[in-house]
Amino acid sequence: ILVVEGLQVQILKLLLNNKDRGGGEASRYIFLNKFRKFLQENASNRGNLTVLCPPEYMVCFLHRLIAALRFFWDGHKAKTPAALSSEEAYVPPQLFYNGKVDYFDLQRLGGLLSHLKKTLKDDLAAKANVLIDPAELQAVTMDDLDEDEESATSAAQSQRPSASLAIGGALARPGWLSSPTLGRANRFLSTAAVSLMNPRRPLGTLEKIKVRTLSVEQRTEEDIEGSHGNEGLLVGRPPEEPDQPITENSLLEVLDGIVMMYNLSVHQQLGKMVGVSDDVNEYAMALKDTEEKISRCPKRRRDIQEELLKSQKVFSEKLNHLSRRLAWINVTIYSKEKMQDVYWLLRVCIRTIEHGDRTGSLFAFMPEFYLSVAMNSYSALKNYFSPVNNMEELPGYEETLMRLAAILAKHFADSRIVGTDIRDSLMQALASYVCYPHSLRAVERIPEEQRISMMKNLLAPYEQRPWAQTNWILVRLWRGCGFGYRYTRLPHLLKTKPEDASLPSLQKPCPSTLLQRHMADLLRSDRDLAPSFLNSVLNQLNWAFSEFIGMIQEIQQAAERLERNFVDSRQLKVCATCFDLSVSLLRVLEMTVTLAPEIFLDWNRPSSELLLRRLAQLLNQVLNRVTAERNLFDRVVNLRLPGLESVDHYPILVAVTGILVRLLVDTDVQGAECATAVLLADPCFQLRSIQYLLGHAEPSALAAAAPATDKRHFSLHTYTEYISAEELAKVDKMLSHLSEESKQAAATTLPTSEEDLCPICYAHPISAIFRPCSHKSCKACINQHLMNNKDCFFCKATITGVDDFTKPASS
């Protein structure tokens with residue numbers, strides 16, 4: 001194998017040799033043009049399938065090309081000491097906007113290329129000395145391209161020399177581009193009006209560069225390498241980019257193609273090969289199980305024994321075949337040398353992203369696949385190669401981990417990145433990063449201003465953006481610190497085997513006190529941030545829990561039908577997701593209450609009272625739904641339907657308990673008094689819900705249940721391995737405190753006539769009047785309404801102010 005690999009590398013070295021011209025163009029530049037066509041055909045996935053490169057070959061091609069590229073790169077370094085070595089390789093940002101390298105219709109971070117050229121033309125002129133012809137910009141809009149021009153262009157392209165065909169006739173002008181609409185789209189996206197024309201004389205420092213399009217076939221060695229003061233591929237250097245040689249320009253284009261290759265199919269293929277290891281484990285378990293059955297089989301049952309022996313033979317042969325294949329994969333695909341290639345590619349992407357980021361707005365021109373390859377190559381090193389080779393032994397591993405963490409922390413909320421898919425990928429990668437101790441520590445090592453900026457982005461209001469992943473990131477930073485929140489798996493799931501123990505969500509808790517401290521500082525110092533963030537969290541909790549309750553009602557009705565006991569699995573999945581979201585939102589509220597309790601309890605803050613009332617209202621509603629004896633929640637949990645495994649009393653009740661304990665017990669006397677008064681004033685408060693937490697069921701419920709069943713009641717006392725004795729003591733103290741306070745509140749509360757009750761909630765007396773329409777409600781209702789809407793409940797007039805209202809004394 002090694003001999004064959006060596007021969008393949010030598011062949012590539014011959015192709016990449018730029019000295020052997022054979023009386024014509026050097027082989028390297030012929031290879032570059034054909035390589036780009038090869039990438040275009042494989043990127044489109046619309047060409048003739050017979051000429052597309054199989055992913056198995058693409059993996060091999062990638063590694064051989066990396067070896068050949070690094071050979072020439074370091075050879076150039078030996079001749080030019082000022083140039084960079086291959087260990088410091090990166091792709092400079094000007095390749096992404098100067099039009100010298102064709103990226104086909106691949107998505108850029110800032111959107112379509114034509115859009116970027118229009119919106120950032122001033123930045124291109126100021127930063128890169130690139131001028132855009134306004135007439136060309138107007139001509140390249142989709143609507144302005146007429147069919148006559150289209151057909152003329154097609155005819156001109158069809159007359160190009162056939163030497164430009166890289167792998168087959170379809171590559172020069174793929175058949176799928178022949179239609180007018182698709183052909184127009186192709187020119188609109190991949191040959192936009194702005195590309196560079198190479199000047200033939202030295203440029204002055206302030207001289208602007210006129211631009212035009214050059215197709216792959218039209219490029220010459222001079223267009224790529226440059227000459228006479230022209231920088232070739234590197235023309236349009238931004239001021240942030242150092243003025244030093246990197247390597248030969250042609251090698252930069254090869255490097256760019258290697259990154260694209262990995263994104264096209266190499267990463268996916270590496271992931272598929274991991275499945276062989278899983279298959280080996282399954283067949284090994286099946287063979288072991290069969291052998292145990294053979295040993296237990298009675299000798300008189302020859303028929304069963306013969307069947308078991310046949311199964312044993314099949315499993316043994318299959319296991320032998322898969323074991324050989326696994327050994328081959330570990331030696332050839334997941335070897336230490338191949339791991340170093342992928343690690344080198346990861347570092348190339350990190351440096352490229354860092355250099356592109358420094359260019360400011362021009363960063364939007366970078367193709368999305370650079371960020372994708374950075375995330376995927378790290379994932380491959382961690383999940384595919386690590387069982388065979390230790391990733392932590394790679395040179396500079398700690399620094400690489402930290403630099404990748406900085407990229408994820410900064411760009412998951414980068415306004416220059418517009419694609420929803422790549423933004424979701426960045427957010428998921430960051431969420432995975434904070435689940436593992438090693439990578440979480442890397443996040444903690446990034447510069448402080450970047451950490452604070454990351455936390456501020458995580459605390460942005462949840463409306464108008466995808467919020468579930470950011471909420472989950474906050475939960476992971478808290479997990480291990482909350483009330484009864486030190487578990488890896490829920491208590492009732494311990495006897496079941498997880499589908500994949502390596503999943504980020506199944507990692508042991510590893511909280512970050514450093515990032516928690518940043519969160520607390522931001523919430524305390526920014527008077528606008530805390531109310532907007534918490535209001536959005538409370539809104540989403542109200543939505544998620546309401547949706548969950550509505551769905552379990554439907555599930556219960558479907559499950560109880562005698563004629564058709566069937567529940568849609570998709571509905572079960574959505575239901576479980578809403579429950580998990582409710583729990584995670586409650587944990588974020590617990591985190592906030594613990595880190596910055598004054599946001600709720602310091603009523604000198606204008607929004608504190610309102611936030612505390614809303615929080616108490618939601619906590620009471622959750623408790624009432626979950627703790628009622630023989631209620632809907634109880635019945636659905638007892639069904640233990642597949643797909644609703646995570647739905648249980650424990651996760652949601654301990655989250656609510658953690659918030660209540662922090663408000664009522666772990667605070668000063670004044671704060672506890674405020675929280676107690678608000679909790680008891682809420683009309684939904686029921687003391688029995690708090691008693692339920694400690695297993696104190698209502699006497700009537702016990703009497704009804706005793707003859708029928710011996711069912712155990714929920715109690716936090718039964719979870720001693722999950723809840724500490726100190727935590728349980730705090731719950732006992734909270735119950736005693738609320739029992740006493742509720743008695744006193746009941747004795748002093750005066751009855752209110754129905755006419756004086758708020759017409760919105762029918763719970764509190766009318767205490768506010770609106771300007772200018774003079775409609776009335778309680779303060780709690782109108783204050784909550786005004787956080788999201790400025791229109792009157794009743795007449796939809798815009799509310800300009802709210803005044804206190806006191807009912808005049810009757811005559």
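Predicted model: local features only at pLDDT ≥ 70, side-chain atom pairs only at ≥ 80, totals over all residues.

Analyst: Residues are numbered from 1 along each chain as its sequence is written, and side-chain values use heavy atoms, with hydrogens and water left out.

User: Why is the pair Arg-28 and Glu-248 called a salt bridge?

Analyst: The term requires a side-chain nitrogen of Lys or Arg within 4 Å of a carboxyl oxygen of Asp or Glu. Arg-28 and Glu-248 have an N to O distance of 3.3 Å, so the pair qualifies. Arg-28 lies in helix H2 (residues 27-44) and Glu-248 in the loop between helix H9 (221-225) and helix H10 (249-296), so the bridge ties together parts that are 220 residues apart in sequence. Helices here are DSSP runs of H or I with at least four residues, strands are runs of E with at least two, and both are numbered from the N terminus.

User: What makes Arg-28 and Glu-248 buried rather than exposed?

Analyst: Buried means under 20% relative accessible area, exposed means over 50%, and partly exposed is in between (1.4 Å probe, protein chains only). Arg-28 has 0% relative accessibility, so the residue counts as buried. Glu-248, at 15%, counts as buried too.

User: Which helices does the salt bridge between Arg-36 and Asp-256 link?

Analyst: The side chains of Arg-36 and Asp-256 meet at 2.7 Å, N to O, which makes the pair a salt bridge. Arg-36 is in helix H2 and Asp-256 in helix H10, 220 residues apart, so the pair links distant parts of the chain. Arg-36 is buried at 1% relative accessibility, and Asp-256 is buried at 0%.

User: How many residues apart are Glu-609 and Arg-613, and what makes them partly exposed?

Analyst: Glu-609 and Arg-613 are 4 residues apart in helix H23 (residues 608-627), so about one helical turn separates them. Their closest N and O atoms are 2.8 Å apart, and the pair forms a salt bridge. The relative accessible area of Glu-609 is 32%, so this residue is partly exposed; Arg-613, at 27%, is partly exposed as well.

User: How many salt bridges does the rule give, and which residues form a network?

Analyst: The count comes to 23 salt bridges. Asp-357, Lys-410, Asp-414 and Arg-416 are linked in a network of them.

User: How do you know that Asn-624 makes a polar contact with Ser-689?

Analyst: A polar contact is a pair of N or O atoms within 3.5 Å; within protein, one must be able to donate a hydrogen and the other to accept it, and residues adjacent in sequence count only if both atoms are side-chain atoms. The side chains of Asn-624 and Ser-689 come to 3.1 Å, so the distance meets the cut-off. Asn-624 lies in helix H23 and is buried at 17%. Contact means heavy atoms within 4.5 Å; leaving out residues up to four places away in sequence, Asn-624 touches Asn-631, Cys-684, Gln-686, Arg-688 and Ser-689.

User: Where does the label "domain: RING-type" come from?

Analyst: UniProt places this feature at residues 758-796, in an unreviewed entry. UniProt positions follow the numbering used here, feature names are shortened, and annotations may be inferred rather than shown by experiment. In the model, the end C-alpha atoms of residues 758-796 lie 18 Å apart, and the span is 21% helix and 15% strand.
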